[in-house]
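Here is a short report on one protein model.

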Amino acid sequence: MAEMIVSAGSGALLVRLGAVRESALKDISAVVSWIFIPCLTFATLSGGLDVNEILLWWPLLVFPLFNMATGFLLARLLVAVYFRIKRDVSEEMKSELTRSCVLTLVWTNCGNIPWMIVESLVKHVKPFTDDPDGYYMRGFSYINIYGLPYTLTLWTVGYSYFVAGVKTEKRKSPAPSDEEAAVTTQPPPHSGSDVELRRVAAGAPEAETVATAAEAASDQSAGLVAASPAKAPSKGNLWWRFVGATLAWWERHGAAILRLCSPQNASVIIGLVIGLVPFTNRLVVQDAGKLHFVWDITRSLGSPCVTVSNIVLGASLSRGPQASSVGRALLAAHVVLKLVVAPALSMAVAVGAKWAGLVPLDPMFFFVMGVESAVPSAVVLVMLSQVFQVGRTTIPTIQFWHIIVSLLTLTFWTVLSLKIATLQW
């Protein structure tokens, strides 16, 4: 936490001194989101998986879903109560506050902070000091698997929250003028009456106009007669129908598919495949592999991710936390729900799972589950708010107070998780 505060403070100082312009934060955030994060995810996932034990790690996939569902319900309950008490809030502000509360209560910093805690834990706390390298690699693997549901949902559901925010901020298109309305209400261009009107307007002879209208009417009747018998469509027609249906389907679902195939999600899938398949693991991850340089490159590109993310966070808050943009009462309630209530509910479920024997005996396993439930909101939300220009003041302000208060709350939950993890039941 101290490292995060120092790096965030340096980002705020850079903006204050004029070394970094606030307008550059959007570009820096895009680089982090599209390069640093995917490279870090790929390197850590592919290098820290154990094929023999991964089937026993299913709680690491189920537990995050419970935490996200709890966060969503708490966020909706919070904004509902707040807006019922405070009625003088504009609809635009209601939308932004609701979106910010949901995003910051659902998606957490499930990578950076747990990584730093585990790295320090294996060096100074028993029983992890008995096998620091083994506990270190398993801890990182647990954290990466735990983060899968968060990563996949963040870049699909969470991404759609930001996109929806962009759409609501766009101005409504002006109402059509009387002339435009008249044009849109004209009869279909292929009707006989329309053909006749166009001929008259062009000065065509009356006989020609009547003949043209008659031809159009006969063409329509011939078309109806020709369409009545059922004929098997040709292969060319079937092909074009298939192409048209495919294009229509892509128009409806293409955006969602592209988000699923984003670099962030692609790095998760590729990292899992390369880490779990023995052949690709030996080829890419192992030191003697012919493509090991690819893994080294991605690890090097991902290494600045944590530090740069914290610098962007501090730069976004260079003017100080704007509590007025959120509302002090709403902000205080949000911090309590995120750092006290939600971790207490998650810890109760985790203890029940450990008591029922659903959690592996490895103390690092339960410790990761406990710490993950108590971390503040995800730093990447701040970067996305800068990229999409949605929640530019509310999300960084909430994140700021999460980090400050979590210095106390996360210490408590870390000690409690460590005590429960080392108990023999």
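Start at Ser346, which is found in helix 16, residues 328-355. The model is a predicted one. Is Ser346 buried or exposed? Its relative accessibility is 3%, and buried means under 20%, so Ser346 counts as buried. Leaving aside neighbours within four places in sequence, Ser346 is in contact with Phe63, Phe66, Asn67 and Ser373.

The backbone oxygen of Phe66 lies 2.8 Å from a polar atom of the Thr70 side chain. Thr70 lies in helix 3, residues 59-85. With 11% relative accessibility, Thr70 counts as buried, because the cut-off is under 20%.

**The whole chain**

The protein has 19 helices and zero strands. Of its 425 residues, buried ones make up 44%. Residues 24 or more positions apart account for 83% of them.

**The nonpolar cores**

In soluble globular proteins, nonpolar side chains tend to be buried together. Here the largest nonpolar core holds 83 residues. Which of them touch the most other members? They are Leu60, Trp107, Phe162, Met364, Phe367, Val380 and Leu381. Helix 6, residues 132-169, gives the most to this core, with eleven residues.

Not counting residues up to four places away in sequence, Phe162 touches Leu103, Leu381, Leu384, Ser385, Phe388, Val390 and Ile395. A second, separate core has six residues, including Phe42, Ala43, Ile274 and Val284.

Ala43 lies in helix 2. Its relative accessible area is 5%, so Ala43 is buried. Not counting residues up to four places away in sequence, Ala43 touches Trp295, Thr298 and Arg299. How far from Ala43 is Ser303 in sequence and in space? The two are 260 residues apart in sequence and 9.6 Å apart in space, C-alpha to C-alpha.

Helix 5 covers residues 112-124, which makes 13 residues. From its first C-alpha to its last, helix 5 reaches 19 Å. That is close to the 18 Å expected at 1.5 Å a residue. The buried residues of helix 5 are Asn112, Ile113, Pro114, Trp115, Met116, Ile117, Val118, Leu121 and Val122.

Pro127 is found in the loop between helix 5 and helix 6. The peptide bond from Lys126 to Pro127 is cis, with omega near 5 degrees.

Helix 18 is mostly covered, with eight of its nine residues buried. Those buried residues are Val380, Leu381, Val382, Met383, Leu384, Ser385, Gln386 and Phe388. Just after helix 18 comes Gln389, which takes a positive phi of about 60 degrees. Most residues other than glycine have a negative phi, and most peptide bonds are trans.

**Empty space**

Rolling a probe the size of a water molecule over the atoms shows where empty space is left. The count comes to two cavities of 30 Å³ or more.

| Largest pocket | About 530 Å³ | 20 residues | Leu40, Thr44, Trp115, Tyr136 and Phe140 |

Which elements give two or more residues to the lining of the largest pocket? They are helix 2 (25-47), helix 5, helix 6, helix 13 (292-302) and helix 14 (305-316). For the largest cavity, the elements that give two or more residues are helix 2, helix 5, helix 6, helix 14 and helix 18 (380-388). Helix 6 supplies the largest share of that cavity's lining, eight residues.

**Linking the parts**

Some names come back. Trp115 is among the buried residues of helix 5, and Trp115 is also one of the residues closest to the centre of the largest pocket.

Definitions and conventions
Residues numbered from 1 in each chain as written. Predicted model: local features only at pLDDT ≥ 70, side-chain atom pairs only at ≥ 80, totals over all residues. Heavy atoms only, no water. Core = buried A, V, L, I, M, F, W, Y, C linked by side-chain atoms within 4.5 Å. Buried < 20%, exposed > 50% of the residue type's maximum accessible area, 1.4 Å probe, protein only. Helix = DSSP H or I, 4+ residues; strand = E, 2+ residues; numbered from the N terminus. Contact = heavy atoms within 4.5 Å. Expected span 1.5 Å × (residues − 1). Polar contact = N/O pair within 3.5 Å; in protein donor to acceptor, adjacent residues only side chain to side chain. 1 Å grid on protein atoms, 1.4 Å probe; cavity = no way out; pocket = protein on both sides within 12 Å on 5 of 7 lines; lining within 4 Å. Points joined across faces, edges and corners; volume = space filled by probe spheres on them.
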